Amino acid sequence: MADQDEASADTLAQYKQKYGVTPALADHATLVKMIEDLFRDGLKTMVEPFPETDREFAKILDRLRGMSADQLREKLTESGWLLEPYGEDQMRCQECMYYLVHRRWCDLPELNLPAEPDWWCRLWRI
Ligand code: SF4
């Protein structure tokens with residue numbers, strides 16, 4: 001397994017200044033706020049290409065696995081995260097096999113982040 005990258009010192013300092021904590025140590029509500037703020041500040045994520053094969057899916061997981069919990073922006077970008085349902089079928093976390101409804105949490109180990117039912121990412125699976 002590749003060594004994990006780390007968030008830059010500047011990025012960590014900005015998180016601490018704004019939230020009092022970095023993503024790795026943030027609680028559920030704070031992580032949700034961090035995610036929403038990143039999108040409010042214009043974050044664009046890699047919604048496409050949607051992984052059509054197990055191999056493509058695994059490649060995205062490999063890249064995510066190399067990221068630390070503090071690399072929130074990078075994780076959201078690589079996973080193609082959105083704060084709304086996606087596509088003609090309006091796919092969303094609520095119906096994804098990785099979604100823990102009661103915890104409002106994405107249980108995919110490579111993400112391991114809070115998620116709202118109407119959010120989505122390109123690792124969506126049923
Ligand atoms: S893998 Fe993506 S779509 Fe599925 S629960 Fe996690 S964030 Fe939502």
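Which residues have the most contacts inside the largest nonpolar core? In this predicted model, they are Cys-93, Cys-106 and Ala-115, within a core of 20 residues. Cys-93 and Cys-106 are also among the residues that come nearest to the ligand. The points below take the core and the ligand shell first, then the helices, and finally individual backbone features.

**Nonpolar core**

- The largest nonpolar core comprises 20 residues.
- Two elements, α2 (28–40) and α4 (72–79), each give two or more residues to this core.
- Helix α2 supplies the largest share, namely 3 residues.
- When residues up to four places away in sequence are not counted, Cys-93 touches Tyr-99, Cys-106, Ala-115, Glu-116, Pro-117, Trp-119 and Trp-120.

**Ligand surroundings**

- There are 13 residues around the ligand, and those that come nearest are Cys-93, Cys-96, Cys-106, Cys-121 and Trp-124.
- The shell is made up of 13 nonpolar residues, with no polar and no charged ones.

**Packing of α3 against α4**

- Helix α3 (residues 54–65) packs with α4 at an angle of about 175 degrees, and their axes lie 10 Å apart.
- Because angles over 145 degrees count as roughly antiparallel, the two helices α3 and α4 are described as roughly antiparallel to each other.
- On the α3 side the contact is made by Ile-60, Arg-63 and Leu-64, and on the α4 side by Lys-75, Glu-78 and Ser-79.
- By class, the residues of this contact divide into 2 nonpolar, 1 polar and 3 charged.

**Phe-57 in α3**

- Phe-57 is placed in helix α3.
- Phe-57 has 15 C-beta neighbours inside 10 Å and therefore counts as partly exposed.
- Leaving aside neighbours within four places in sequence, Phe-57 is in contact with Pro-51 and Leu-123.
- Phe-57 and Pro-109 are separated by 52 residues in sequence and by 14 Å in space, C-alpha to C-alpha.

- Helix α1 (residues 9–19) is hardly covered, as the count of buried residues among its 11 residues is 1.

**Backbone features in loops**

- Glu-48 and Pro-49 are joined by a cis peptide bond, with omega about 0 degrees.
- Pro-49 belongs to the loop between α2 and α3.
- Gln-90, a residue other than glycine, has a positive phi near 50 degrees.
- The loop between α4 and β1 (99–100) holds Gln-90.
- Gln-90 counts as exposed because it has 11 C-beta neighbours inside 10 Å.
- Asn-112, likewise a residue other than glycine, has a positive phi near 50 degrees.
- Asn-112 is located in the loop between β2 (105–106) and β3 (113–114).
- With 13 C-beta neighbours inside 10 Å, Asn-112 counts as partly exposed.

Note on methods:
Residues numbered from 1 in each chain as written. Predicted model: local features only at pLDDT ≥ 70, side-chain atom pairs only at ≥ 80, totals over all residues. Near = placed C-beta within 6 Å. Nonpolar A, V, L, I, M, F, W, Y, C, P; charged D, E, K, R; others polar. Core = buried A, V, L, I, M, F, W, Y, C linked by C-beta atoms within 7 Å. Buried ≥ 20, exposed ≤ 12 C-beta atoms within 10 Å, placed from the backbone. Helix = DSSP H or I, 4+ residues; strand = E, 2+ residues; numbered from the N terminus. Contact = placed C-beta atoms within 7 Å. Axes fitted to C-alpha atoms, helices over the stretch in contact; angles between N-to-C directions. Parallel < 35°, antiparallel > 145°, perpendicular 65-115°, else oblique.
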